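Please keep the structure open while reading.

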Amino acid sequence: MMMNTQNFRDEQEKMTILQETYHLENGVQIPKLGLGTWFIDDDKAAKAVRDAVKVGYHLIDTAQAYGNERGVGEGVRTCGLPREELFVTSKVAAEAKTYEEAARSIDETLTKMGLEYLDLMIIHSPQPWTEFRVENRYFAENKEVWRALEDAYAAGKLRAIGVSNFLQDDLENLLDDCRIKPMVNQILLHITNTDKALLDYCHAHGILVEAYSPIAHGEALKNPAITKMAKKYNVTPAQLCIRYVLQLGTVALPKTANPAHMQDNSAVDFQISTEDMRTLEAMEKIKSYGEFDMFPVFSGKPLS
Ligand SMILES: NC(=O)c1ccc[n+]([C@@H]2O[C@H](COP(=O)([O-])OP(=O)(O)OC[C@H]3O[C@@H](n4cnc5c(N)ncnc54)[C@H](OP(=O)(O)O)[C@@H]3O)[C@@H](O)[C@H]2O)c1
């Protein structure tokens, strides 16, 4: 059906965040909002993906380390949407630091998920978790792992490639002599924890930032200052958190297996004022993630 201008405008007005996308450097479109799946068990992951797709999600984020790639793959294959309408991300394990290990792991992911290609594969961490943010930066090793991603991209196994938890010097190390620039950097980013310098560096280099733990792994929901600001906008704290990272020009990846929360997290078509964005950015930092402080991504320390 031909669309006249009025119809086109109406369509745009109806567009929700679940239909909106960014363009990666290679032109591939990536949804602005996705479903995180860390801590969703393998036997529950397929249903979570199908529920999310019913709500309208297209982007699903998993990792070799989550132990649920099989279930996520099953969900992708059985959700009823054509494969090309979904955007599936996984991550090369932080411990795979040779070309061979990384290349093999990509093939294993594809087999485990029962998929012919992934939309995005990223290096989970610049260092193995037991050495996270230590002196040894694994620069040479990350170049090798990156080469494996570049080759898998060239072979059509991956539509886009990127990194996660990379600091500026980790990125510079790859940008120095890569064939393909990282298209994405997935980092910890939520209200009270915004590394503006890294965000600006990534965006200046055409690297899209994905915000992981946008709800601070649940801690933001207990924060009185965030709850108060959410009330002002008549939204839930989770919605405020998601809207905040979206307005920073990043992809939001909230995790939930609860369909009501999936719905809640996608109803974010409101605008936080510039002034309130500044207030949220400057709020006192959430310093503890409770029992999850043991994870290097939250403590910035190696896994002991
Ligand atoms: N690259 C990395 O190193 C890295 C590290 C961490 C995370 N990630 C990615 O980012 C995703 C999200 O991060 P995350 O899992 O740490 O935490 P998160 O999304 O910040 O928070 C998840 C918590 O918020 C709750 N929640 C979600 N929506 C809610 C709602 N509408 N109302 C109330 N509670 C809600 C969830 O509970 P329910 O489950 O009960 O809804 C869960 O307890 C991960 O799943 C993963 O895909 C990547």
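**Ligand**

The model is predicted.

| Side chain | Ligand atom | Distance |
|---|---|---|
| Tyr 66 | nitrogen | 3.4 Å |
| Gln 186 | nitrogen | 3.0 Å |
| Thr 256 | oxygen | 2.5 Å |

Taken alone, the ligand exposes 900 Å². The protein buries 86% of that area.

**Gly 36**

Gly 36 belongs to strand 3, which spans residues 34-36. Is Gly 36 buried or exposed? Gly 36 is buried, because its relative accessible area is 6%, under the 20% cut-off. Leaving aside residues up to four places away in sequence, Gly 36 touches Asp 61, Leu 253, Pro 254, Lys 255 and Thr 256. Tyr 212 sits 176 residues from Gly 36 along the chain. Their C-alpha atoms are 8.0 Å apart.

**Cysteines**

How many disulfides does the model contain? The count is zero. A disulfide is a covalent bond between the sulfur atoms of two cysteines. For Cys 178, the closest cysteine sulfur is that of Cys 202, at 13 Å, so the pair is too far apart for a bond. The cut-off is 2.5 Å. Cys 202, in turn, has the sulfur of Cys 178 as its nearest cysteine sulfur and is in no disulfide. Cys 202 is buried, with a relative accessible area of 0%.

Key. Residues numbered from 1 in each chain as written. Predicted model: local features only at pLDDT ≥ 70, side-chain atom pairs only at ≥ 80, totals over all residues. Heavy atoms only, no water. Buried < 20%, exposed > 50% of the residue type's maximum accessible area, 1.4 Å probe, protein only. Helix = DSSP H or I, 4+ residues; strand = E, 2+ residues; numbered from the N terminus. Contact = heavy atoms within 4.5 Å. Polar contact = N/O pair within 3.5 Å; in protein donor to acceptor, adjacent residues only side chain to side chain. Areas by Shrake-Rupley, 256 points an atom, 1.4 Å probe, with all protein chains shown as cover.
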